[in-house]
Amino acid sequence: MIRTFTPDKSPARKPARANKPEMTLDRALSRAGIASRTEAARLIAAGRVRVDGRVCKDPQAWVALARQRVLLDGQPLGRPKLAYWALHKPVGVICSHGDKRGRKTIYDLVGDLGTWYFSVGRLDQDSSGLLLLTNDSVFAERVASPEAKISKTYHARCAPPLHDAALERLRQGLDIGRSERAAPAQVARLPRRGADWIALTLREGKNRQVRRMVEAVGSEVTELIRVRIGKLELGRLSEGQIRRTRPSEVLGE
């Protein structure tokens with residue numbers, strides 16, 4: 001007879017003691033490097049996870065790993081060896097675990113890295129450049145968090161080229177539609193690449209933000225490359241190439 005774990009449904013429950021951290025079950029699997037929270041929820045719903053000997057099918061059940069035993073397929077959650085990579089994502093590749101339209105994904109491009117991994121943020125299909133991959137959800141949340149204000153620098157080719165007044169509007173911040181406003185950005189021309197290229201540094205990450213900012217000043221991005229995240233630069237990493245990196249290369253610590 002299978003005993004079923006009954007999760008605590010108390011709203012907004014927080015840890016009672018700092019040395020006994022609590023989190024939802026799907027997050028616990030994600031933190032253990034098992035899968036994304038979406039995939040973890042599927043594993044849990046399939047009855048493959050037990051908490052203190054009882055099957056739990058609720059991804060939002062609260063667990064305290066310091067005092068509860070959580071098993072996946074009969075095996076305890078382990079501490080994964082944390083790993084970090086820098087990838088030069090090419091145009092035409094999407095940051096997804098699969099695509100109904102059959103488009104190539106970063107997982108098709110990179111293949112097996114010896115551990116489950118995911119991208120820290122995204123680059124759209126038509127953009128290329130620096131993309132971080134990791135199995136460290138704490139690091140990923142820190143880099144992606146708006147509060148952290150980790151800078152990201154892009155090189156954008158614009159048609160028609162932007163005049164000085166347009167660049168100043170980007171530096172001041174502006175409305176970009178959908179009731180959203182872009183914060184002030186650092187902007188400079190890239191004369192070595194041509195009169196239609198600019199470098200733009202942001203400390204926020206709204207959806208397709210660079211493209212929407214350029215559209216708001218009357219131009220269009222025809223080519224977009226992310227060249228830096230925090231302290232980490234794309235450098236000479238070729239399209240499709242991947243290399244190991246460290247959190248300190250990004251965060252500068």
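This is a predicted model: local features need pLDDT of at least 70, side-chain atom pairs count only at pLDDT 80 or more; totals for chains, interfaces and linings use all residues.
Strand 14 spans residues 197–202. Of its 6 residues, 6 are buried, so the strand is largely enclosed by the rest of the structure. Burial applies to both of its faces. Trp197, Ala199 and Thr201 point one way, while Ile198, Leu200 and Leu202 point the other way. Strand 14 has antiparallel pairings with strand 10 and with strand 13. Strand 10, residues 152–159, is joined to strand 14 by 6 bridges. In that pairing, Arg157 lies opposite Trp197. Strand 13, residues 186–189, contributes 4 bridges. Here Gln186 faces Thr201 across the pairing. Trp197 also takes part in a charge–ring arrangement: the charged end of Arg193 sits over the Trp197 ring, 3.9 Å from the ring centre.

Thr153 belongs to strand 10. Its relative accessibility is 8%, so Thr153 counts as buried, the cut-off being under 20%. Two side-chain polar contacts involve this residue. One joins Thr153 to Thr201 at 2.8 Å. The other joins the side chain of Thr153 to that of Arg228, at 2.8 Å. Leaving aside residues up to four places away in sequence, Thr153 touches Leu200, Thr201, Ile225, Arg226, Val227 and Arg228.

Strand 7 covers residues 84–89. It is mostly covered, with 6 of its 6 residues buried. Tyr84, Ala86 and His88 lie on one side, and Trp85, Leu87 and Lys89 lie on the other; all are buried. The buried set on strand 7 thus includes His88 and Lys89. Strand 7 pairs with strand 9 in the antiparallel sense through 6 bridges. Within this pairing, Tyr84 is the bridge partner of Thr134. Strand 17, residues 242–244, is also antiparallel to strand 7 and is joined to it by 3 bridges. There, Leu87 has Ile242 as its bridge partner.

The largest nonpolar core holds 34 residues. Ile106, Leu132, Leu133, Phe139, Val143, Ile229 and Val250 touch the most other members. Several elements each supply at least two residues of this core, among them strand 7, strand 9, strand 14, strand 15 and helix 4. Helix 3, helix 7 and strand 8 are also among these contributors. In soluble globular proteins, nonpolar side chains tend to be buried together. Ile229, a member of the largest core, has contacts with Leu130, Leu132, Val143, Ile150, Ser151, Lys152 and Val250, not counting residues up to four places away in sequence.

Aromatic pairs number 4 in the structure. One of them brings together Tyr84 and Phe139. Their ring centres are 5.1 Å apart and their planes meet at 80°, so the pair is edge-to-face. This pair links distant parts of the chain, as Tyr84 lies in strand 7 and Phe139 in helix 4, 55 residues apart. Tyr84 counts as buried because its relative accessibility is 12%. Phe139 is likewise buried, at 6%. Ring pairs also connect Trp85, Tyr107 and Tyr117 into a cluster.

Technical notes. Residues are numbered from 1 along each chain as its sequence is written. Side-chain values use heavy atoms; hydrogens and water are left out. Buried means under 20% relative accessible area, exposed over 50%, partly exposed in between (1.4 Å probe, protein chains only). Two strands pair if DSSP finds at least two bridges between them. A nonpolar core is a set of buried Ala, Val, Leu, Ile, Met, Phe, Trp, Tyr and Cys residues joined through side-chain atoms within 4.5 Å. Contact means heavy atoms within 4.5 Å. A polar contact is a pair of N or O atoms within 3.5 Å; within protein, one must be able to donate a hydrogen and the other to accept it, and residues adjacent in sequence count only if both atoms are side-chain atoms. Rings of Phe, Tyr and Trp (its six-membered ring) pair if their centres lie within 6.5 Å; planes under 30 degrees apart count as stacked, over 60 as edge-to-face and the rest as tilted. A charge sits over a ring if NZ of Lys or CZ of Arg is within 6 Å of the ring centre and within 35 degrees of the ring normal.
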